[in-house]
Amino acid sequence: MSRRVADRPEDAPGVRRQAGDLELARRHAPVIHFDLAEPFLPDLVGYAVVRRPGPSPTFDRYLDLRIPGGGRAEAVIEYALWYDWDIQHLYELEHAWAYLGAAGELVHAEGSWHGEPIPLLRDGRVSSEAGRPVAYAQPGKHALSADPLLFAAHDGYRELVRREAEDRAGGGLLTGGLVAGALRASARRNSLIRAYLHTRAFAPTFRFERRWDGADANLVSIEELAEAAPRRLRAELARLASDRDRRRIWAVLLDLGDTLMDETSEEKDPTETTQRAELFPGAADVVRWLRRSGYLVGLVADTRPGSARNVLRQHGIFEMFDTLVISEELGTSKPDPAMFLAAFRAFGLRRSETDRVVMVGNRLDRDIRGANALGIVSVLVRHNDRYPAESSDPGDQPTHTIAAISELETLLRRLG
C-alpha cells in the first residue's frame, strides 16, 4: 500500500489544472494485469498532472520530473488507484506515474511497490502499451511490478504471496492517507472487516490474464477522490454491519483439548507444554470452513501458553484464528466469564450479543457452564467418555450436543 497523502492534495505546488487534463490522463492511463483469481480491482482512479517539481499530491515522495539516465519530463501524470478493498484491509491506495516528453509521449513510468516507487521497465525500456504504462499486480495486495515473474520468482516469495492472499486474508480498517481523521478504527469495525475478508481468501493462480484498462475506469480528480474516499468506506462498513445483522451466529469459540485436539496423542516437554498432538478427524477442515464462511473464530482454552500455538501451527490452522484466549496468559480459567469476555473484546462484541456466539467444548463444568452463564449458545462435543456427559446442575445443560467436531458444520448451517 502507498504511504502518506498530502493534507490538501489540490495544494501540491506542482499541480496546476489545465483544460484537457482529463483527456491527457485517459490517453496515458495504465494497463494492469491481475491474477485470474483476484477478487478486488480498482474502484476509482484519481489523477493529477504535475508540471513542475514538487511533492506528490497523494504519495510520500517528491516529483522532480527527472528521468533516469538523464533528461527531464515536461509533466508527470500521477494515478492514485483506489481500491475499496485489498485482501487484508478496507481500502488500499496504489499508484502509477506516467512521465511525458515534450511531444506528450510516454518516456518513463513508475508504479508503487509496498510503499516505494519502482520503475516499470523491462529490458531497460518502459513497459508500455500504445503509450500507456503496463504493470502486473501482486495477488491480493496489488503492489505493481513490470514483470509478473517477480511474484513467483522463487518458491519462498511465491509462498509468501500465497499466504498473504489465502491464510492471512483479513485485517482491519486503514485510517491514514486520504481518510486521515475521517474514520476511527475499532475492534468492532475490524472484526466486521476480518470476517468479510475471510470469505474472499483465495489461492493465487499466478496467471496474470485478467486485463484491467485504466482508460475505461472512473477517472476523477485527486480532489474528487479525496472527497469520495471516506464516504465509500462508511458505506462499506454499513453494508457489512447490515449483512451480519441478518445472520443468526456471528462468532464461534472453540476449546482445544478433546474438542479439536486428541489429548491422548499429546507429546509434552518437561514444562508440560504440548509440542505435538493429533487433531480429531475433520477438525482442521471445520476450522477452515468456519473462516471461509465468514465466522469470527476464537480459541478459548485452559492450557499452557505454547501448547495451543504449537498444535495449531503443526496442522496449518494457527492463522485461521482471530483470537486466542489462553488460561495461563489471562490468569484464570473456564468457567470464569473473563475467559469468554476476553474473546468478546477482541471481536468488538457487546454483552447484549452473547446469543450471536457459539462455544464448543467437551466439558460441562467448564465450557458449557461458562457459556450458559453469559447466554452464549453452548455446544457439547463428545469424542470420548473422559468427562461426564450429564449433570444435575441446570447451568451445565448444553444448548446442543454433537458426537464429533466434524458435525459442527451441519449444526451451524441449521442454526443459520
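In the predicted model, strand β1 (residues 31-34) is joined to strand β12 (residues 132-137) by 3 bridges, and the two strands run parallel. Within this pairing, His33 stands opposite Tyr136 of β12. β1 also pairs with strand β15 (residues 210-213), here in the antiparallel sense and over 4 bridges. In that pairing Ile32 stands opposite Trp212 of β15. Strands of a sheet pair through backbone hydrogen bonds, in either a parallel or an antiparallel arrangement. The side chains of β1 point in two directions: Val31 and His33 one way, Ile32 and Phe34 the other. All four of these residues are buried.

The loop that links β15 to β16 (219-221) contains Gly214. Gly214 counts as buried because its relative accessibility is 2%, the cut-off for burial being under 20%. When neighbours within four places in sequence are left aside, the contacts of Gly214 are Ala29, Pro30, Arg132 and Leu219. Gly214 and Arg27 are separated by 187 residues in sequence, yet their C-alpha atoms are 9.3 Å apart.

Over the whole chain, 10 helices and 24 strands are present. The C-alpha trace spans about 85 × 40 × 35 Å along its principal axes. Of the 416 residues, 53% are buried. Among contacts between residues at least 6 apart in sequence, 68% join residues at least 24 apart.

An open sheet is formed by 6 strands in the order β21-β20-β17-β22-β23-β24, and its pairing is parallel. β21 and β24 (400-402) are the edge strands, each pairing on one side only. From one strand to the next, the twist averages 20 degrees. Within this sheet, strand β17 (residues 251-254) pairs with β20 in the parallel sense over 4 bridges. The bridge partner of Ala251 is Leu296 in β20.

Helix α6 (residues 305-314) has four buried residues named here, Ser307, Ala308, Val311 and Leu312. Viewed down the axis of α6, the buried residues fall within an arc of 110 degrees, and therefore they line one face of the helix. An α-helix has 3.6 residues a turn, so residues three or four places apart point the same way. The buried residues of α6 are covered by elements including β19 (274-276), β20 (296-301) and β21 (323-326). Two of these, β20 and β21, are also strands of the open sheet. α6 is followed by Gly316, which has a positive phi, near 70 degrees.

Aromatic pairs number 8 in the structure. One of them, formed by Phe40 and Trp85, is stacked, with 6.4 Å between ring centres and 25 degrees between the planes. This pair links distant parts of the chain: Phe40 lies in the loop between β1 and β2 (44-50), whereas Trp85 lies in strand β5 (residues 75-86), 45 residues apart. Phe40 counts as buried because its relative accessibility is 6%. Trp85 is likewise buried, with a relative accessible area of 4%.

The ring centres of Phe151 and Phe208 are 5.6 Å apart and their planes are at 35 degrees, so this pair is tilted.

Arg239 lies over the face of Tyr196, at 5.0 Å from the ring centre. The charged end of Arg244 is placed over the ring of Trp250, 4.4 Å from its centre.

Notes
Residues are numbered from 1 along each chain as its sequence is written. This is a predicted model: local features need pLDDT of at least 70, side-chain atom pairs count only at pLDDT 80 or more; totals for chains, interfaces and linings use all residues. Side-chain values use heavy atoms; hydrogens and water are left out. Buried means under 20% relative accessible area, exposed over 50%, partly exposed in between (1.4 Å probe, protein chains only). The arc is that of the directions from the helix axis to the C-beta atoms. Contact means heavy atoms within 4.5 Å. Two strands pair if DSSP finds at least two bridges between them. Axes are lines fitted to C-alpha atoms, for helices over the stretch in contact, and angles run from 0 to 180 degrees between N-to-C directions. Rings of Phe, Tyr and Trp (its six-membered ring) pair if their centres lie within 6.5 Å; planes under 30 degrees apart count as stacked, over 60 as edge-to-face and the rest as tilted. A charge sits over a ring if NZ of Lys or CZ of Arg is within 6 Å of the ring centre and within 35 degrees of the ring normal.
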